[in-house]
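Please look over the sequence and the model shown here before reading on.

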Amino acid sequence: MKILIADDEAPAREELQYLLQEMLPQADYRQATDGEEALACLREDEYDAVFLDIQMPGKNGLEVANKLLEHQNPPRIVFATAYSEHAVEAFRLSALDYLVKPIREDRLAQTVDKLQEKCDQRDGFQKLLWSRKENKLWVEASEERWVLLDYSDILYIQAQDKKVYAVANGYQPLRIRRTLKELEEVMAPQGFLRVHKG
């Protein structure tokens, strides 16, 4: 699990990460000092969850969450803030949870339980997609529509902006939620060859 913590106050970031590491020691953590840095991190890599303060310099936490809704696969959003009055707006932005500082350990544990449940559901779905029919590949045609694509229909597969896409006749580029290395191992015996972009 990859977790991003965005807060302009270093002690608050460190305290939250310390508490989370007690509950999720296997997770990878990264910190951002404001909304702009958080968005930069989220453009560079995919995260399972982002813990957002609301009052931050530049873009505030609500603005960051609103931008995340534009992503095909947004992380789970948890607000961690000293202000309780933004809760309605936060849940309108599909927040998984809303924590009010100072954050109690038992309250954070409830959030972590929700987060693990959502990640387990997604991982189970991904495993199901990967284990389906031979010589076919589940690809994402849109946010809510998946297509079972025959290998013979695939012209090529490419990595772009840290995401992987299949290009096939009759379709816009189709998102594949696997790495090129994973695809190479499975598809090489079926005649697919990995080459350099050049």
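The buried residues of α3 pack against α2 (35-44), β3 (49-52), β4 (76-81) and α4 (87-92). Here, buried means under 20% relative accessible area, exposed means over 50%, and partly exposed covers what lies in between (1.4 Å probe, protein chains only). Packing rests on contact, that is, heavy atoms within 4.5 Å. Helices (H or I, at least four residues) and strands (E, at least two) are DSSP runs, numbered from the N terminus.

This is a predicted model: local features need pLDDT of at least 70, side-chain atom pairs count only at pLDDT 80 or more, and totals for chains, interfaces and linings use all residues. Residues are numbered from 1 along each chain as its sequence is written, and side-chain values use heavy atoms, with hydrogens and water left out.

Which residues of α3 are buried? In this helix, residues 61-68, they are Gly61, Leu62, Val64, Ala65 and Leu68. Viewed down the axis of α3, the buried residues fall within an arc of 160°, so they line one face of the helix; the arc is that of the directions from the helix axis to the C-beta atoms. The N-terminal end of α3 is capped by Asn60, which places a side-chain oxygen 3.0 Å from the backbone nitrogen of Leu62.

The loop between β3 and α3 holds Asp53. Asp53 counts as buried because its relative accessibility is 5%. Not counting residues up to four places away in sequence, Asp53 touches Ala6, Asp7, Asp8, Gly61, Ala80, Thr81 and Lys101. Pro102 lies in the loop between β5 (97-100) and α5.

Helix α5 (residues 105-130) contains Val112. Val112 has a relative accessibility of 4% and therefore counts as buried. Leaving aside neighbours within four places in sequence, Val112 is in contact with Leu20, Met23 and Leu24. The C-alpha atoms of Val112 and Gly170 are separated by 42 Å, the two residues being 58 apart along the chain.

Phi of Asp161 is near 55°, a positive value in a residue other than glycine. Lys162 is found in the loop between β8 and β9 as well, and its phi is near 65°, again positive in a residue other than glycine. Most residues other than glycine have a negative phi, and most peptide bonds are trans. Asp161 counts as exposed because its relative accessibility is 65%; Lys162 is exposed too, with a relative accessible area of 68%.

Now the protein as a whole. Its secondary structure comes to six helices and 10 strands. The C-alpha trace spans about 55 × 30 × 30 Å along its principal axes. Of the 198 residues, 37% count as buried. Among contacts with a separation of 6 or more, 50% come from residues 24 or more positions apart.

The accessible surface of the protein comes to about 11500 Å², and 47% of that belongs to carbon and sulfur atoms; such areas come from the Shrake-Rupley method with a 1.4 Å probe, and for residues only the protein chains shown count as cover. The protein has 27 positive and 36 negative side chains, and the centres of the two sets lie 6 Å apart. Lys and Arg count as positive and Asp and Glu as negative, while His and the chain ends are not counted. The place of a charge is taken as NZ of Lys, CZ of Arg, CG of Asp or CD of Glu.

Key: Polar contact = N/O pair within 3.5 Å; in protein donor to acceptor, adjacent residues only side chain to side chain.
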